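Please read them beside the structure.

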Amino acid sequence: MVILLETSYNRKKKIDNTIVKIDVCDIDKSQIIRTLTDTDVPDFSDYRRGSVKSPNKKGSDSVDDRRAFTYFMVGTSIATGSYAAKALVLQYVKYMAASKEVLALAKIEIKLSEIPEGKSVTLKWRGKPLFVRHRTQEEIDVVRSVDITTLRDPQRDEDRTQKPEWLIVIGVCTHLGCVPMAGLGDFGGYYCPCHGSHFDASGRARKGPAPANLEVPPYSFPSDNTLLVG
């Protein structure tokens with residue numbers, strides 16, 4: 001049997017097709033194998049750096065220039081990525097930050113001259129009731145004469161007030177979050193009718209299931225007649 005091998009060379013050079021005859025033994029049929037060798041090889045010259053295009057130059061001759069370019073691109077990418085990350089974080093923080101309306105409610109200013117001695121007023125601060133009590137000298141003497149070792153949450157009255165005549169506490173019972181009533185109870189302070197917790201005129205838990213004293217919020221006195229809570 002004879003196999004005819006037809007090869008086609010580069011047509012651009014206009015070389016005629018040639019036929020090669022190959023003798024193969026013990027084969028009954030003939031077969032034509034066509035091999036095409038005129039496929040164009042891709043040219044990547046446009047994507048190569050100019051310093052390595054020439055086949056006559058060593059790559060080591062331009063390694064410093066190529067390394068400097070690589071470092072420059074890496075540094076630029078890192079700087080750009082850092083700037084983008086910073087902008088994204090700032091945008092997220094601004095989005096999650098409280099609005100001006102919420103910040104305005106974070107503080108409350110109270111005129112103390114409107115609260116007579118011996119009275120307690122209830123205000124709203126950050127969604128919670130706020131008790132501001134103008135204590136009499138008798139109330140001050142009573143709460144400061146208490147032995148703190150007998151209290152379940154020992155605290156001196158001096159540590160809970162900045163001015164002896166003014167008591168500022170959050171009006172939320174430390175038992176189950178109810179709102180106590182002012183001027184009631186066995187100790188002349190506050191009484192929670194839900195479960196029977198009693199607090200004295202310093203807001204300290206004295207009787208009932210309340211485990212801790214009424215919370216004292218952050219506050220200051222910008223002037224003798226002004227109270228700023230928050």
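How many bridges join strand 8 to strand 9?

1. Two bridges join strand 8 to strand 9 (residues 188–192), and the two strands run antiparallel. Strands here are DSSP runs of E with at least two residues, helices are runs of H or I with at least four, and both are numbered from the N terminus. Two strands count as paired if DSSP finds at least two bridges between them. Within this pairing, Ala182 is opposite Tyr190 of strand 9.

2. This is a predicted model, in which local features need pLDDT of at least 70 and side-chain atom pairs count only at pLDDT 80 or more, while totals for chains, interfaces and linings use all residues. Residues are numbered from 1 along each chain as its sequence is written, and side-chain values use heavy atoms, with hydrogens and water left out.

3. The sheet is open and has four strands in the order 8-9-10-11, paired antiparallel. Its edges are strand 8 (181–182) and strand 11 (205–207); each has a single partner strand, so one side of each is left without a neighbour in the sheet.

4. His198 belongs to strand 10 (residues 197–200). With a relative accessibility of 9%, His198 counts as buried (buried means under 20% relative accessible area, exposed over 50%, partly exposed in between, with a 1.4 Å probe and protein chains only). A polar side-chain atom of His198 lies 3.0 Å from the backbone nitrogen of Asp186. Beyond its neighbours within four places in sequence, His198 has contacts that include Phe187, Tyr190, Arg204 and Lys207 (contact means heavy atoms within 4.5 Å).

5. Which aromatic pairs are found in the whole structure? The search finds two, where rings of Phe, Tyr and Trp (its six-membered ring) pair if their centres lie within 6.5 Å, and planes under 30 degrees apart count as stacked, over 60 as edge-to-face and the rest as tilted. Phe131 and Tyr190 have ring centres 4.9 Å apart and planes at 10 degrees, so this pair is stacked. Phe131 is in strand 6 (residues 128–134) and Tyr190 in strand 9, so the pair ties together parts that are 59 residues apart in sequence. Both Phe131 and Tyr190 are buried. The pair of Tyr219 and Phe221 is edge-to-face, at 5.7 Å centre to centre and with 90 degrees between the planes. Tyr219 is buried at 10% relative accessible area, and Phe221 counts as buried at 17%.

6. Charged side chains also sit over rings (NZ of Lys or CZ of Arg within 6 Å of the ring centre and within 35 degrees of the ring normal). Arg133 lies over the face of Tyr190, 5.4 Å from the ring centre. Lys163 has its charged end over the ring of Phe221, 4.5 Å from the centre.

7. The disulfide count is zero, with a disulfide taken as a pair of cysteine sulfur atoms within 2.5 Å. Cys173 is in no disulfide, and its nearest cysteine sulfur, that of Cys192, is 4.0 Å away. Cys173 is buried, with a relative accessible area of 4%, and Cys192 is buried at 1%.

8. Ser82 lies in helix 1 (residues 63–96). Ser82 is partly exposed, at 45% relative accessible area. Its side chain reaches the backbone oxygen of Ile78 at 2.8 Å. A polar contact is a pair of N or O atoms within 3.5 Å; within protein, one must be able to donate a hydrogen and the other to accept it, and residues adjacent in sequence count only if both atoms are side-chain atoms.
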